[in-house]
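Please prepare a short briefing on the strand pairing and the pocket of the structure shown below.

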Amino acid sequence: PEQIIIVPVANAFNDYAKKLEEVLKNKGLRAKADFSEATMNKKIREAEKRYVNYILVVGEREVKNNSVNVRIRDLKQQKDMDFKEFMENVLKEYKNR
């Protein structure tokens, strides 16, 4: 199962989502970008149903700032984070398990 799902808000942001997916996979994380035709909200709902730990939503603001909007499974909250900071936090978390 995936640890991280990346959801672009529109097709225009697929390239950024793909780049993030590749970086995360290269670090050994199970990440997948969702390029399906479903709406953004439906993609998020599906990821929540599958108990994905992190849902990263990316759009224009995130591309501009090299950041991600993170939804953490158990916290039911979302926050903007620098992508590098997010990746470092997740890698630390999985190394400590």
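Two strands pair if DSSP finds at least two bridges between them. Helices (H or I, at least four residues) and strands (E, at least two) are DSSP runs, numbered from the N terminus. This is a predicted model, in which local features need pLDDT of at least 70 and side-chain atom pairs count only at pLDDT 80 or more, while totals for chains, interfaces and linings use all residues. Residues are numbered from 1 along each chain as its sequence is written, and side-chain values use heavy atoms, with hydrogens and water left out.

**Strand β3 and its partners**

- Strand β1 (residues 4–8) runs parallel to β3, and five bridges join them; I6 has L56 in β3 as its bridge partner.
- β3 and β4 run antiparallel and are joined by four bridges; V57 has N69 in β4 as its bridge partner.

**Burial of β3**

- Five of the five residues of β3 (residues 54–58) are buried, meaning under 20% relative accessible area with a 1.4 Å probe, protein chains only.
- Y54, L56 and V58 are buried on one side, and I55 and V57 on the other, so both faces are covered.

**The largest pocket**

- A pocket is an open set of points on a 1 Å grid over the protein atoms alone where a 1.4 Å probe fits, with protein on both sides within 12 Å along at least five of seven lines; lining residues have an atom within 4 Å of a point.
- The largest pocket holds about 160 Å³ of space, the volume being the space filled by probe spheres set on the points.
- Its lining includes I55, R71 and Q77, and β4 (67–72) and β5 (77–82) each supply at least two lining residues.

Notes:
Buried means under 20% relative accessible area, exposed over 50%, partly exposed in between (1.4 Å probe, protein chains only).
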